[in-house]
Amino acid sequence: MKTRTLGQGLTVSEMGLGCMGMSEFYGVGDDVESTATIHAALDRGVNFLDTADMYGPFTNEVLVGRAIASRREEVILATKFGNERQPDGTYVRVNGTPEYVKAACDASLARLGVDVIDLYYQHRVDRTVPIEETWGAMKELVEAGKVRYLGISEASSATIERAHAVHPIAALQSEYSLWTRHVERDQLQTCRRLGIGFVAYSPIGRGFLTNNAATIGAGERENRPNFPRFQGEAREKNLAIVARLEELAATKDVTVAQLSLAWVLAQGDDIVPIPGTKRRRWLEENCDAADIVLSTDELAAITAAVPLDEVVGDRYHAASMASLDG
């Protein structure tokens, strides 16, 4: 696995591993297989692991921490704060107060069992707190040696500018895939102007941009059917888009997921996708996508197969959409 450099000189594997689904949202978890998947990722050179305190809640950090305990030196560890939840899963609020920033970091360090977090993201922007106050507290975490690099997720360009002025941002993490390209209009340009790397979550559309699209969301404890793009008529229309990608993938003898990941990787050396999986089978498939070379014509054909005005449905339900800053 090759490497890419995000902002502030943070070098990571060119593809990361999203760990959220190992603990929540995407069906029943399996800690044994999830741990084996993390170890297999490290064996493949995937050293960029992504978690957050809200996943579980809290249990995903514990899982990741245990999995990397004997291999900490191999890992670039990223976690997040900002989506405050109770232990029973009850959602509280987006919280960016300085007091919460510091308490959340200490709690994450304890759950992960590490002395320092490599990349600490503000998961969502708290519009009730000036971003300068939140980032002032985050800067103090760096100065205290608890965090190495800082990031922000789903932020507007204006917020990115203000946060970056307080402390340099290493990475913006936002959703980006063939069917979610809003960041191309604004945030990607801002990141490139400021020297900030971009981390793409859900680069295969929460599993929809795969050969298994028709069955996604059918399992127990699945949250994906709650997303508008996975519902009813929207789902059927979006499956037609996947059918086009299946035809293109077949000409390359690759899967739709691999084609989708290769497309994201080809959008710039400052972009690092973090496809999530809890199974070694899919990890291996995803990793192999890094070896796919797409010609200019192939890239154009893939992009044309997914016209943005044909993608039906918002990427989140209304309440979650309202919590996004950018």
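Good morning. I begin with charge: the protein carries 34 positive and 46 negative side chains, and the centres of these two sets lie 1 Å apart. Please keep in mind that this is a predicted model.

Let me turn to overall dimensions. The C-alpha atoms fill a box of roughly 55 × 40 × 35 Å, taken along the principal axes. What radius of gyration does the protein have, and does it agree or disagree with that of a compact globule? For 326 residues, a compact globule would have a value near 20 Å; the protein has 19 Å, which agrees.

Next, the surface and the interior. The accessible surface comes to about 12,900 Å², and carbon and sulfur atoms account for 50% of that area. Of the 326 residues, 58% are buried. Consider also the contacts between residues at least 6 apart in sequence: 75% of them join residues at least 24 apart.

I now come to secondary structure. The protein contains 11 helices and 12 strands. Eight strands form an open sheet with parallel pairing, in the order β3-β4-β5-β8-β9-β10-β11-β12. Which strands stand at the edges of this sheet? They are β3, residues 17–18, and β12, residues 271–273. Each has a single partner strand, so one side of each is left without a neighbour in the sheet.

As a reminder, strands of a sheet pair through backbone hydrogen bonds, either parallel or antiparallel.

Thank you for your attention.

Note on methods: Residues are numbered from 1 along each chain as its sequence is written. This is a predicted model: local features need pLDDT of at least 70, side-chain atom pairs count only at pLDDT 80 or more; totals for chains, interfaces and linings use all residues. Side-chain values use heavy atoms; hydrogens and water are left out. Helices (H or I, at least four residues) and strands (E, at least two) are DSSP runs, numbered from the N terminus. The radius of gyration is taken over C-alpha atoms; the globule rule is 2.2 Å times the number of residues to the power 0.38. Buried means under 20% relative accessible area, exposed over 50%, partly exposed in between (1.4 Å probe, protein chains only). Contact means heavy atoms within 4.5 Å. Accessible areas come from the Shrake-Rupley method with a 1.4 Å probe; for residues, only the protein chains shown count as cover. Lys and Arg count as positive and Asp and Glu as negative; His and the chain ends are not counted. The place of a charge is taken as NZ of Lys, CZ of Arg, CG of Asp or CD of Glu. Two strands pair if DSSP finds at least two bridges between them.
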